Amino acid sequence: MAADVLGGSGDTPRGVSAVAGLLLRSRTAGPVRRPAVRGGTGGAPRRPGPRGVRRLIDQFRRAWDRPLTAYYLILGSALLITVLGLVMVYSASMIKALELSLPGSYFFRKQFLAALIGGGLMIVAARMPAKLHRALAYPMLAGTVFLLILVQIPGIGKSVNGNQNWIYLGGPFQLQPSEFAKLALLLWGADLLARKQDKRLLTEWKHMLVPLVPVTLLLLGLIMLGGDMGTTIVLTAVLFGLLWLAGAPTRLFSGVLAVAGVLAALFIKISPHRMGRLNCIGATDPGPQDQCWQAVHGIYALASGGWFGSGLGASVEKWGQLPEPHTDFIFAVTGEELGLAGTLSVVALFAALGYAGIRVAGRTEDPFVRYAAGGVTTWIVAQAVINIGAVLGLLPIAGVPLPLFSYGGSALLPTMFAVGLLIAFARDDPAARAALAMRQPRVSWKSMRRRVKKRPSGER
């Protein structure tokens, strides 16, 4: 039979028939299984190669590019910053409250009340449509200008730490109108630039600058009358952010920046107090008359925190050594009690919030949403950089609080409303709206009703 398969004759030798039989067996049998090698590296588990790493990166990119990523980043990071800020305000302000013969939780209770009101404002802003936000722009700007004028009237305005930018409301409550000027400027500026873009007027430099720059200068002048240069720097950053988003040419942008730099240098030069703060950049010694006391002790607080801090509530610098531990320098107390891990966590949360705001501004087709989201992001990120840079000794002390984190209801309320703006814009994205609609359970009342068959009652 083997000879017939090979095409030979019946006189084929036995050796050839044996070889043919082996060939047939090898063809009919399956693949030869090699025995597993015991010992050595043959049985070791495989390590993930370049393909596995690429697969993980692709999965991360897909998760990062989901429609609701910006929505959850804004909501989650803002809430985490606010909650952690409440904890640190309670820890940093306890000794200060006792020094003023007040209950230890005095500042915390006021901040907690402001956070509750701000949370309500955030929810309202997140539910409002963009048209209603645009309708609030002009009334908010007019109201802010009116309040800034009232601050300068003797008997109404109140001076705190040498700056007259407060209005006394009665009891322990005060109002700082300059904090609301940031929100008013970005809403009004976004609405103005959006209307001009619809009419294709932003190609001319006159329409790009007027009346945006004059109104901003009016706000800056009213704020500088009270001596608050830190808020003027933040407002200037918001103005530059709006001009950048509007596509201002490089020469125009550089010209406005040069004028702002000259004015800032002039205001610093004529004030010995501001010159002293400028000289304290990078200082490691309090200097003559302790003019760099606050900056140096902020560095001391950060240096003594180490990797994981001395523990919540265990700060030493807040015992009268560090001025303003619960407002401007709360980041230093955070570094002392929570260490480098705590400060990097706060920076990471602000970075996530800033990235999400840029993403919302970059993916929208509505010009008002783009300008407003970019203005809010510029405001929060610039103010955080100014505050943290001052605590680290890299920037002069500007006297601005850390957004959503430092003590101060006047700063917390407009900031949380601005975060609500970002949430509303993130929800209005078509892809995000569709994803949210798919996640919301739709309950049909008809499906919940039980169909009960009518049974005879037995009565005739």
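Reader: By class, how many residues in the lining of the second largest pocket are nonpolar, polar and charged?

Author: In this predicted model, the second largest pocket holds about 250 Å³ of space. Its lining is formed by 14 residues, and those closest to the centre include Arg363 and Asp429. By class, the lining has 7 nonpolar, 1 polar and 6 charged residues.

Reader: Which elements give two or more residues to the lining of the second largest pocket?

Author: Arg363, Thr364, Phe425, Asp429 and Pro430 are the lining residues closest to the centre of the second largest pocket. The elements that contribute two or more residues to this lining are helix 15 (330-363) and helix 17 (409-428).

Reader: At what angle do the axes of helix 11 and helix 16 cross?

Author: Helix 11 meets helix 16 through residues including Ala237 and Gly241, with Gly374 and Gly375 among those on the helix 16 side. The contact comprises 10 nonpolar, 5 polar and 1 charged residues. The crossing is right-handed. The axes come within 8 Å, and their crossing angle is roughly 145 degrees.

Reader: Which element has the highest mean pLDDT, and which the lowest?

Author: For the protein, mean pLDDT is 85, and 85% of residues reach 70 or more. Among its elements, the highest mean, 97, belongs to helix 16, and the lowest, 42, to helix 1 (residues 2-6).

Reader: How many contacts beyond four places in sequence does the model have for residues 443-454?

Author: Where pLDDT is low, predicted coordinates should not be read in detail. Residues 26-30 stay under 50 and have 0 contacts beyond four places in sequence. Over residues 443-454 pLDDT also stays under 50, and the number of such contacts is 1.

Terms used:
Residues are numbered from 1 along each chain as its sequence is written. This is a predicted model: local features need pLDDT of at least 70, side-chain atom pairs count only at pLDDT 80 or more; totals for chains, interfaces and linings use all residues. Side-chain values use heavy atoms; hydrogens and water are left out. On a 1 Å grid over the protein atoms alone, a cavity is a set of points where a 1.4 Å probe fits but cannot get out, and a pocket is an open set with protein on both sides within 12 Å along at least five of seven lines; lining residues have an atom within 4 Å of a point. Grid points are joined across faces, edges and corners, and a volume is the space filled by probe spheres set on the points. Helices (H or I, at least four residues) and strands (E, at least two) are DSSP runs, numbered from the N terminus. Ala, Val, Leu, Ile, Met, Phe, Trp, Tyr, Cys and Pro count as nonpolar, Asp, Glu, Lys and Arg as charged, and the others, Gly among them, as polar. Axes are lines fitted to C-alpha atoms, for helices over the stretch in contact, and angles run from 0 to 180 degrees between N-to-C directions. A crossing is left-handed if the near helix is turned anticlockwise from the far one by less than a right angle, and right-handed if clockwise. Contact means heavy atoms within 4.5 Å. pLDDT is the predictor's confidence in each residue, from 0 to 100.
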